[in-house]
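Trainee: Could you take me on a close look at one part of this structure, the nonpolar core, and show me what sits around it? I'd like to follow it step by step.

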Amino acid sequence: MEIAEGPDGREFDRAIEVLEEQTSVLWRRERTTSHSLAKTVHPEMEPAAYGILTLLQREGSLRATDIANSIGVGKPSVSRQLAGLERLGLVSRQLDPDDARSQRVVLTPLGKQQLTTAQTGRRNAFNDLMRSWKPEDVASLGSLIARLNSTYTKDTW
């Protein structure tokens, strides 16, 4: 590992090591959580599809191309996920009112209900997990994670 120049170089490098280590642990745990959440929404749902559902919940309706661009995967992968979600009755396709040649994907009532149930369970688990933390520490962590996420405009490695 390269040591940064300046009086705080070694301290900063060590902080980066700890950050990398801890985010790796967090991401592994989040992958496990995503698998569980997906199964809560529907036992046959693939974990990768959970992100599509939350995106549709936030945006309302999107074209498959827009979904692919938003989550950073290819359209064939999104099409396969959407087909599975449609088969499970969690999403449906509607003609795009602005472009009759295109379709928009929306959550079905079942999709909304199942997603809300899974999110409520997740929120309750976070509540239990973080109960011993001070509210300002939870808020600070949320702000720092948001700041970290905003720096991920593109992969740098």
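Mentor: Let's start with a term: a nonpolar core is a set of buried Ala, Val, Leu, Ile, Met, Phe, Trp, Tyr and Cys residues joined through side-chain atoms within 4.5 Å. Buried, here, means under 20% relative accessible area. Keep in mind that what you're looking at is a predicted model.

Now, the largest core has 24 residues, and the members that touch the most others are V41, M45, L53, L56, I67, L82 and L85. Who supplies it? Helix 1, helix 2, helix 3 (64-71), helix 4 (75-87), strand 3 and helix 5 each give two or more residues, and the largest share, six residues, comes from helix 2. As background, nonpolar side chains in soluble globular proteins tend to be buried together.

Zoom in on L82. Leaving out residues up to four places away in sequence, L82 touches I52, A64, I67, V91, R93 and V105.

Strand 3 deserves a stop too. Strand 2 (residues 91-96) pairs with strand 3 (residues 99-107) in the antiparallel sense, over six bridges. The two strands make a hairpin, with two residues between them. To find one of the bridges, go to L95 and look across to its partner Q103 in strand 3.

Next, follow V41 back into helix 1. The buried residues of this helix are G9, D13, T23, S34, L37, A38 and V41. Their cover includes helix 2 (49-59), helix 5 (109-130) and helix 6 (135-151). You can check the length of helix 1 (residues 9-41) yourself: at 1.5 Å a residue, its 33 residues should span 48 Å, and the end C-alpha atoms are 46 Å apart, which agrees.

R87 is exposed, with 58% relative accessible area.

One more to find is R63 with D66, a salt bridge of 3.2 Å, N to O. R63 has a relative accessible area of 31%, so it is partly exposed, and D66 is partly exposed at 22%. The salt bridge count comes to nine.

Notes: Residues are numbered from 1 along each chain as its sequence is written. This is a predicted model: local features need pLDDT of at least 70, side-chain atom pairs count only at pLDDT 80 or more; totals for chains, interfaces and linings use all residues. Side-chain values use heavy atoms; hydrogens and water are left out. Two strands pair if DSSP finds at least two bridges between them. Helices (H or I, at least four residues) and strands (E, at least two) are DSSP runs, numbered from the N terminus. The expected span of a helix is 1.5 Å times one less than its number of residues. Buried means under 20% relative accessible area, exposed over 50%, partly exposed in between (1.4 Å probe, protein chains only). Contact means heavy atoms within 4.5 Å. A salt bridge is a side-chain nitrogen of Lys or Arg within 4 Å of a carboxyl oxygen of Asp or Glu.
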